[in-house]
Amino acid sequence: MMQIVLLGLNATLAILVLVAGGTKLVKNKQSLADSGMAWVEDFSPITLKLIAVAELLGAVGLVLPLATGIQPVLAPVAASGLLIILIGAVITHLRRRESAWLPFGLGVLSASSAALGFVLTA
């Protein structure tokens, strides 16, 4: 039962992170800034693409190990990695005096996924 809860949590988080990472990957820096992501001005285009790739890999890592049953401990590792990215996002938004609720909420989901995942895969 808890495995299903974890998979549902991870699938939801993965979809949200895929959208965020995919957007950063396909749009250029100026397009992101024009769409309301003013924080991108603090980063180089290469750094933005690296963040996007890290988010996309994290999203895959949340679901694939659990769905295949191959090395399921990698799912909470991926959630932990996303948590690190999201802590950085919260810090960036707070430094810029912007709302940090979205990355904070995603960080809570990532932390919950990591904690539950490590308990279930231990």
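Is Glu55 buried or exposed? In this predicted model, Glu55 belongs to helix H3. Its relative accessible area is 8%, and Glu55 is therefore buried, since residues under 20% are counted as such. When residues up to four places away in sequence are not counted, Glu55 touches Val17, Ala20, Gly21, Lys24, Leu82 and Ile85.

Helix H1 is described next. H1 contains 25 residues, and the distance from its first C-alpha to its last is 35 Å, close to the 36 Å expected at 1.5 Å a residue. Seven positions can be named as buried in H1, namely Leu6, Asn10, Leu13, Ala14, Val17, Gly21 and Lys24. These buried residues pack against helix H2 (29-34), H3, helix H4 (74-95) and helix H5 (101-121). With neighbours within four places in sequence left aside, Gly21 is in contact with Ala52, Glu55 and Leu56. By contrast, Ala78 stands 57 residues from Gly21 in sequence, and the two C-alpha atoms are 14 Å apart in space.

The packing of H1 on H3 was then examined. Helix H1, which covers residues 2-26, meets helix H3, which covers residues 45-68, at an angle of about 160 degrees, and the two axes are 8 Å apart. Angles over 145 degrees count as roughly antiparallel, and H1 and H3 are therefore roughly antiparallel to each other. The crossing of H1 past H3 is left-handed. The residues of this contact comprise 19 nonpolar, four polar and three charged.

H1 also packs against H5. Here the angle is about 145 degrees, and the axes are 10 Å apart. The crossing of H1 past H5 is left-handed. On the H1 side, the contact involves Met2, Gln3, Val5, Leu6, Leu9, Asn10, Leu13 and Leu16, which meet Leu106, Leu109, Ser110, Ser112, Ser113, Leu116, Gly117 and Leu120 of H5. This contact divides into 10 nonpolar residues, six polar residues and no charged residues. Leu6, Asn10 and Leu13, which take part in the contact with H5, are also among the buried residues of H1.

Attention now turns to helix H4. The 22 residues of H4 should span 32 Å at 1.5 Å a residue, and this agrees with its end C-alpha atoms, which are 32 Å apart. Thr92, a residue of H4, has a relative accessible area of 15% and is buried. With neighbours within four places in sequence left aside, Thr92 is in contact with Trp39, Asp42 and Phe43.

The arrangement of H4 and H5 was considered in turn. These helices pack at an angle of about 160 degrees, with axes 8 Å apart. H4 and H5 are therefore roughly antiparallel to each other. H4 passes H5 in a left-handed crossing. From H4, the contact is made by Pro76, Val77, Ala79, Ser80, Leu82, Leu83, Leu86, Ala89, Val90 and His93, and from H5 by Pro103, Phe104, Leu106, Gly107, Ser110, Ala111, Ser113, Ala114, Gly117, Phe118 and Thr121. The residues of this contact fall into 14 nonpolar, seven polar and no charged.

Finally, the backbone of two loop residues was examined. Most residues other than glycine have a negative phi. Gln71, in the loop between H3 and H4, has a phi near 50 degrees, which is a positive value in a residue other than glycine. Arg97 is placed in the loop between H4 and H5, just after H4. The phi of Arg97 is near 60 degrees, again a positive value in a residue other than glycine. Arg97 has a relative accessible area of 80% and is therefore exposed, a term applied to values over 50%. Glu55, with which this account began, is in contrast buried at 8%.

Technical notes
Residues are numbered from 1 along each chain as its sequence is written. This is a predicted model: local features need pLDDT of at least 70, side-chain atom pairs count only at pLDDT 80 or more; totals for chains, interfaces and linings use all residues. Side-chain values use heavy atoms; hydrogens and water are left out. Axes are lines fitted to C-alpha atoms, for helices over the stretch in contact, and angles run from 0 to 180 degrees between N-to-C directions. Helices (H or I, at least four residues) and strands (E, at least two) are DSSP runs, numbered from the N terminus. Angles under 35 degrees count as roughly parallel, over 145 as roughly antiparallel, 65 to 115 as roughly perpendicular and the rest as oblique. A crossing is left-handed if the near helix is turned anticlockwise from the far one by less than a right angle, and right-handed if clockwise. Ala, Val, Leu, Ile, Met, Phe, Trp, Tyr, Cys and Pro count as nonpolar, Asp, Glu, Lys and Arg as charged, and the others, Gly among them, as polar. The expected span of a helix is 1.5 Å times one less than its number of residues. Buried means under 20% relative accessible area, exposed over 50%, partly exposed in between (1.4 Å probe, protein chains only). Contact means heavy atoms within 4.5 Å.
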